[in-house]
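Hi there,

I am passing a structure on to you, as promised.

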Amino acid sequence: MTDSPITSDNPFNICFVCLGNICRSPTAEGVFQHLVNQQGLQSYFYIDSAGTSAYHIGEPANSKSQQIANRKGIELKSRARRFESSDFNNFDLVIAMDDENYQNLKMLANGNNQLSKIKKLREFDPTPGDGNVPDPYYGGIDGFENVFNIVYRSSESLLNSLKNNIPQES
Ligand code: 4NP
């Protein structure tokens, strides 16, 4: 995902992307930031989220997403925004929640360097299922809890892999 060392002077910029930017990607942003904070790695990462649609621009995270995250001690602070082609210039890694987001992001990318920045979150899930983080929007609280659990274990594994690029202090 990156060959260059991740340092405080050269932090790693990561953007999680779903459709509305109110359920799955805000959860991923909040969980990944929480794990980074827990490990004292704040200066090494810049973390954001966005949506491929404009449906919910400006809205906070869905109340059920917030409820589940709060229960686990995590605050979701995002305000929905749309992912723009220009974001590819600002992020090292752009993480899609499902195939639809992945395909939409691919259409926004310019050239192989930008295309290579796009991954799906469940590529990092130890139990990846069908590779998609299911859209919980029209369902009940159980779906949101399922999303949280998928996002949490995938984020742990993603962070572990990125930590290999943080040089050890000598
Ligand atoms: P998200 O969930 O992509 O995880 O934020 C959705 C939010 C809104 C809609 C669909 C999915 N919607 O159709 O408005």
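Below is what turned up, starting with the ground rules and then going through the sheet, the aromatic rings, the cavity and one serine.

This is a predicted model, where local features need pLDDT of at least 70 and side-chain atom pairs count only at pLDDT 80 or more, while totals for chains, interfaces and linings use all residues. Residues are numbered from 1 along each chain as its sequence is written, and side-chain values use heavy atoms, with hydrogens and water left out.

Let me begin with the sheet. Helices (H or I, at least four residues) and strands (E, at least two) are DSSP runs, numbered from the N terminus. Four strands make up an open sheet in the order S2-S1-S3-S4, with parallel pairing; two strands pair if DSSP finds at least two bridges between them. At the edges are S2 and strand S4 (118-120), each of which pairs on one side only. On average, neighbouring strands of this sheet are turned by 25° against each other, direction ignored. Strand S3 (residues 93-96) and S4 run parallel and are joined by three bridges, and Ile95 stands opposite Lys119 in S4.

Two helices lie across these strands. H1 lies across S1 and S2 and runs at about 170° to S2, whereas helix H3 (residues 99-108) lies across S1, S3 and S4, at about 175° to S4. For these angles, axes are lines fitted to C-alpha atoms (for helices over the stretch in contact, meaning heavy atoms within 4.5 Å), and angles run from 0 to 180 degrees between N-to-C directions.

Now to the rings. The structure holds seven aromatic pairs; rings of Phe, Tyr and Trp (its six-membered ring) pair if their centres lie within 6.5 Å, and planes under 30 degrees apart count as stacked, over 60 as edge-to-face and the rest as tilted. One of the pairs is Phe12 with Phe45, edge-to-face at 6.4 Å centre to centre and 80° between the planes. This pair links distant parts of the chain, with Phe12 in strand S1 (residues 12-18) and Phe45 in strand S2 (residues 45-51), 33 residues apart. Phe16 and Phe32 form a tilted pair, 5.6 Å centre to centre with 55° between the planes. Here too distant parts of the chain are linked: Phe16 is in strand S1 and Phe32 in helix H1 (residues 24-38), 16 residues apart. Phe12 and Phe45 are both buried, as are Phe16 and Phe32; buried means under 20% relative accessible area, exposed over 50%, partly exposed in between (1.4 Å probe, protein chains only). Phe12, Phe16, Phe32 and Phe45 form one aromatic cluster.

Next, the cavity, which on a 1 Å grid over the protein atoms alone is a set of points where a 1.4 Å probe fits but cannot get out; lining residues have an atom within 4 Å of a point. The count comes to one cavity of 30 Å³ or more. The largest cavity has a volume of about 40 Å³, and its lining consists of Thr27, Ser65, Ile68, Phe144, Val147 and Phe148. Helix H2 (63-71) and H5 each give two or more residues to that lining, and H5 has the largest share, three residues.

Finally, Ser154 sits in helix H5 (residues 141-163). Is Ser154 buried or exposed? Ser154 is buried, because its relative accessible area is 0%. Leaving aside neighbours within four places in sequence, Ser154 is in contact with Leu121, Arg122, Phe124 and Asp125.

Methods. On a 1 Å grid over the protein atoms alone, a cavity is a set of points where a 1.4 Å probe fits but cannot get out, and a pocket is an open set with protein on both sides within 12 Å along at least five of seven lines; lining residues have an atom within 4 Å of a point. Grid points are joined across faces, edges and corners, and a volume is the space filled by probe spheres set on the points.
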